[in-house]
Amino acid sequence: MHDEGGNGDDGGLGAGVPAGAMDQAFLALERELTVLLRRARAKSGEMARAVHPDLESAAYGLLARLDEAGRLRATELAAYIGVGKATMSRQLRALEHLGLIAREPDPADGRAWLVHLTEEGRARFRAVRDARRVAYVRQLAGWDRDEVAQLAQLLHQLNRGVEG
């Protein structure tokens, strides 16, 4: 077997990929993801405050998921976001207090509740989301649409791997 990496051990990272090259690729990925996530956290706080001045930045993701999925149980939201039941309950109470979400009994299980965006919550969230999308279009105006689609697909693939 031919070894291009020098020591014959790629650390199990990829068949035929030299360990040094793989390490550099993963270091670059880590660096770029760190910058992206840091900026995303800051932007999430700005967007949350644009929806409502008293909204916590973490709650923006809950609004996004509810807008996308409709009515969900708190346990489904917690699993999707990756937080515990107590944290989710606290965040949902705050959103309900602000009038952005409402609860209703789950017709499939009378002991459970479904949460959903109120009309005000949906309108506020979508106004902020739409403004963000305009900013993305402006920022990526020089990109080929196939590159934008490829980036979206790769991020989807990464996110799918993170869920598991």
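**Group meeting talk: a walk through the predicted model**

Let's start inside a helix. Gly45 sits in helix α1. Is Gly45 buried or exposed? Its relative accessibility is 5%, so Gly45 counts as buried, the cut-off being under 20%. Now look across to Tyr60. Gly45 and Tyr60 are 15 residues apart in sequence. In space, their C-alpha atoms are 7.9 Å apart. One caution before we go on: this is a predicted model.

Next, Ser44. Ser44 also belongs to helix α1. Its relative accessible area is 17%, and Ser44 is therefore buried, again against a limit of 20%. What does the side chain of Ser44 reach? The answer is the backbone oxygen of Ser57, at 3.1 Å. Setting aside residues up to four places away in sequence, Ser44 touches Ser57 and Tyr60.

Let me step back to the whole chain. The secondary structure comes to six helices and three strands. Reading from the N terminus, the order is α-α-β-α-α-β-β-α-α. The chain has 164 residues, and 24% of them count as buried. Now take the contacts with a separation of 6 or more. Of these, 45% are between residues 24 or more positions apart.

On to the core. The largest nonpolar core has 22 residues. Which members touch the most others? They are Leu55, Leu63, Leu77, Leu95 and Ile101. Several elements each supply at least two residues of this core: α1 (19–51), α2 (59–69), α3 (74–81), α4 (85–97), β3 (109–117) and α5 (119–139). The largest share is five residues, and that share comes from α2.

Leu95 is then in contact with Leu55, Ala59, Leu62, Leu63, Leu100 and Ile101. Leu55, Leu63 and Ile101 are on that list, and they are also among the core members that touch the most others.

Stay with α2 for a moment. Arg65 lies in this helix. The side chain of Arg65 makes a polar contact with the side chain of Glu68, at 2.6 Å. Not counting residues up to four places away, Arg65 touches Gly70, Leu72, Leu77 and Tyr80.

That brings us to Gly70. Where is Gly70? Gly70 lies in the loop between α2 and β1 (72–73). Gly70 has 24% relative accessibility, so this residue counts as partly exposed, a class that runs between 20% and 50%. Beyond its neighbours within four places in sequence, Gly70 is in contact with Arg65 and Val115. Gly70 and Leu114 are 44 residues apart in sequence, yet 9.4 Å apart in space, C-alpha to C-alpha.

Last stop: a pocket. Rolling a probe the size of a water molecule over the atoms shows where empty space is left. The second largest pocket holds about 270 Å³ of space. How many residues line the second largest pocket? There are 14, and Ala74, Thr75, Ser89, Arg103 and Trp113 lie nearest the centre. Elements α3, α4 and β3 each supply at least two lining residues. The largest share, five residues, comes from α4. By class, the lining has seven nonpolar, two polar and five charged residues.

That's the tour. Thank you.

Notes
Residues numbered from 1 in each chain as written. Predicted model: local features only at pLDDT ≥ 70, side-chain atom pairs only at ≥ 80, totals over all residues. Heavy atoms only, no water. Core = buried A, V, L, I, M, F, W, Y, C linked by side-chain atoms within 4.5 Å. Buried < 20%, exposed > 50% of the residue type's maximum accessible area, 1.4 Å probe, protein only. Helix = DSSP H or I, 4+ residues; strand = E, 2+ residues; numbered from the N terminus. Contact = heavy atoms within 4.5 Å. 1 Å grid on protein atoms, 1.4 Å probe; cavity = no way out; pocket = protein on both sides within 12 Å on 5 of 7 lines; lining within 4 Å. Points joined across faces, edges and corners; volume = space filled by probe spheres on them. Nonpolar A, V, L, I, M, F, W, Y, C, P; charged D, E, K, R; others polar. Polar contact = N/O pair within 3.5 Å; in protein donor to acceptor, adjacent residues only side chain to side chain.
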